[in-house]
Every structure is written in structure tokens, then in C-alpha cells.
Amino acid sequence: MTFKMVRQFVPALLGTALGVVAGCLVVDATADGAAAQTDQPGLYLDLDEIRAIADRVRAGRSLQPAAWPNGARVAVMMSFDVDNDTITIARNAEPSIGAMSQGEYGARVGLRRVVDLMDRHGIPASFFIPAVSLVLRPEMVDVIQASGRHEFAVHGWIHELNSALDAETERDLVVRATNYLEQATGRRPVGYRAPSWDFSPNTLDIIRGLGFLYDSSLMADDRPYELLQNGEPTGMVELPVEWILDDAPLMNPRGNSYTPPRELLQVYIDEFDKAYEEGTMFLLTTHPHVIGHRSRMVILEELIDHIKARGDVWFATHEQVARYVKEQAGL
Ligand SMILES: [Zn+2]
């Protein structure tokens, strides 16, 4: 598998070849990845070691229910990751003022647009928010809470990269973030999404220990599933994501995977139509500072119109879906 290096956010912290950064994949800068891939430690592992690594966190049984509530054909989850300027601040010794202003757009403009759209359509959505995002812009709480319909969920303290942290530091940041969201919103969050979907070998232990209901950072299916840890069922619900259903990497006009919004709309529609046909779930991850621009809001509106026109759809927060599938599975 080959990825190209995209972006302005290079993870200086990591210093490794592999990282998932700011909605972007960063691996190597070569054309095919082969030349830079000189270090291949997997070659020297025996099969038991390989199995142990692969089994650290795996997809267990499907939690796809026999039916969705009220006879709906498909569950639709709208995720908004309210990163704003946290990534820029977290990952740069001298954060660029220009890049921070690009994130600030999310708080000033984008968030209101996406909340307006959801509220106009009566759609419940889930807002995954790095705590520092709320520290810097506490007024976002009221904007999101006004309808009483949306969920707040944990998305790191300052959009930290978990895989660059030791277990204790990673845990402390999740605890701080969760406590801050509880205090700021009046309700303890039950959902977790790793910043940049960067799930460390310790993340599952940490979120299990803290009693989270679900995670939404991994990609082993397009139906809900139970996470296994070292081969054992955990009771943790996974609501899977995918880069193809994320606005950030493909909508960066300076990235080399830039895709015009109207082309992306077709991908989203095709993903939804197949989910509808299969009777499974559709989960779209977008960011107010990305999707909240005028030419992107157009496609979000068109997508909602398309979904609504199909009918028999259950729009729900991630929490509602996680509770439902867990109960249906007798977990
Ligand atoms: Zn994020």
C-alpha cells in the first residue's frame, strides 16, 4: 500500500515514517513508497509474534442489527470533528498564524453553518471536540446545544497524536478532555474518537477503563462491530470510519489528493446508496473548518436532500446507534 505525503502538518513529534495526521495520511515522499521502505521489521518476526501484533485490536463479531428502529433501511450518522486550530497549535513549536486563522474559520463561520443545516432538517449529529477547541471558543457549546438534539464526544485534549505518547500521558489527556467536556456541556460524554484516528496500542485499554460506550476511529467494516483485544471480546462498540468518508484529506486545495466538492458528493451518494441497499449504516466525518465553506456546504445540503428523498432512514447520533446495536446484540 502506498501513500503520498500530503500536507503542511508534518508530525515532528513522531519522526517516524508512518503517521496519520490532521485528516491526512503521511507515510513517505517517494513515488511508490518502495525506495524509502528500507526498514521492514516484520520480516524478522515469527508467526506467533505477527499474530500477537495483528490481534492487539481486531474486529470481532458484527453488531449489525436485524432491523433498525421503526423499520428504517439504514442508520445515518453525521460526525462533525470540531478541530479548528488545535492541530496547528499542538504540532508546531511556532504555530502559523495563517493556519490558525484557517482553523478559526470553523468556530466563527463553519460551525454555525453545519448546526443550522442539521437543525433545519431536524437531524441529530455528533460533535467530536478536542477540549482545547472549547477552551478557546466556549460559545460553541451553546450553538451546538440549542436544539437539544446533538451529542458531544471526546476527540482528545488538543488533538494529540496518541501513538507518540506513553500510556500514562495518553490516559491523562483523555481524562482531562472527558472531564472538561462534562463540565462545559453538563453531561459526561460516552463516545471517543482518536485525534487523526491515531489509535495507539494503549488506546483501547484506556477507553475501556474509563467506561466509554463506543469508539469511532477504526475501519475494519462498514457495519458496527465489537472490538476484540488480544483475541478477547471487549463489549466495546466500534462505529467505523473511513478516509473516503472524510472531508479533510480530499478537500485540501493544497494537497495532492484534492478532489472538487461536487465529485466528492458523488462518492458520498454512492456510499450511501450502497449502505441503503445493504441495510447497514452510513457514517460521514466532516470538519466545520473544512466543510463549512460555501462551496462545500452546497454538497452537504445536496447529500442530505438525497438521503431524505430515499426515505426510511434513521438519522441518529453515534451514541444512539451504539446503544441500540449493543442492546440488540445482548451485549
Ligand atoms: Zn480531528
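**Exercise 1. How closely do the axes of helix H3 and helix H11 come, and at roughly what angle do they cross?**

Solution. In this predicted model, the axes of helix H3 (residues 97–121) and helix H11 (residues 294–310) come within 11 Å and cross at roughly 20 degrees. Angles under 35 degrees count as roughly parallel, and therefore H3 and H11 are roughly parallel to each other. The crossing of the two helices, H3 and H11, is right-handed. To identify the residues involved, one lists Arg113, Leu117 and His121 on the H3 side, which meet Met297, Leu300, Glu301 and Ile304 on the H11 side.

**Exercise 2. Describe the largest nonpolar core and the surroundings of Met77.**

Solution. Begin with the protein chain as a whole, whose secondary structure comes to 12 helices and 12 strands, and in which 42% of the 331 residues count as buried. Among contacts in the chain with a separation of 6 or more, 72% are between residues 24 or more positions apart. The largest nonpolar core has 75 residues, and those with the most contacts inside it are Val76, Met77 and Phe127. Strand S4 (residues 74–81) gives the most to this core, contributing six residues. Finally, leaving aside residues up to four places away in sequence, Met77 touches Ser126, Leu239, Met281, Leu283, Ala316, His318 and Val321.

**Exercise 3. Where are Asn70 and Asn230 found, and are they buried or exposed?**

Solution. Take Asn70 to begin with: Asn70 is found in the loop between strand S3 (57–62) and S4, and its phi is near 55 degrees, a positive value in a residue other than glycine. A residue is exposed if 12 or fewer other C-beta atoms lie within 10 Å of its own, and Asn70, with 7 such atoms, is therefore exposed. Asn230 lies in the loop between strand S9 (225–229) and strand S10 (232–238), and Asn230 has a positive phi of about 50 degrees although it is not a glycine. Since Asn230 has 11 C-beta neighbours inside 10 Å, Asn230 counts as exposed.

Technical notes. Residues numbered from 1 in each chain as written. Predicted model: local features only at pLDDT ≥ 70, side-chain atom pairs only at ≥ 80, totals over all residues. Axes fitted to C-alpha atoms, helices over the stretch in contact; angles between N-to-C directions. Helix = DSSP H or I, 4+ residues; strand = E, 2+ residues; numbered from the N terminus. Parallel < 35°, antiparallel > 145°, perpendicular 65-115°, else oblique. Left-handed = near helix turned anticlockwise from the far one by under 90°. Contact = placed C-beta atoms within 7 Å. Buried ≥ 20, exposed ≤ 12 C-beta atoms within 10 Å, placed from the backbone. Core = buried A, V, L, I, M, F, W, Y, C linked by C-beta atoms within 7 Å.
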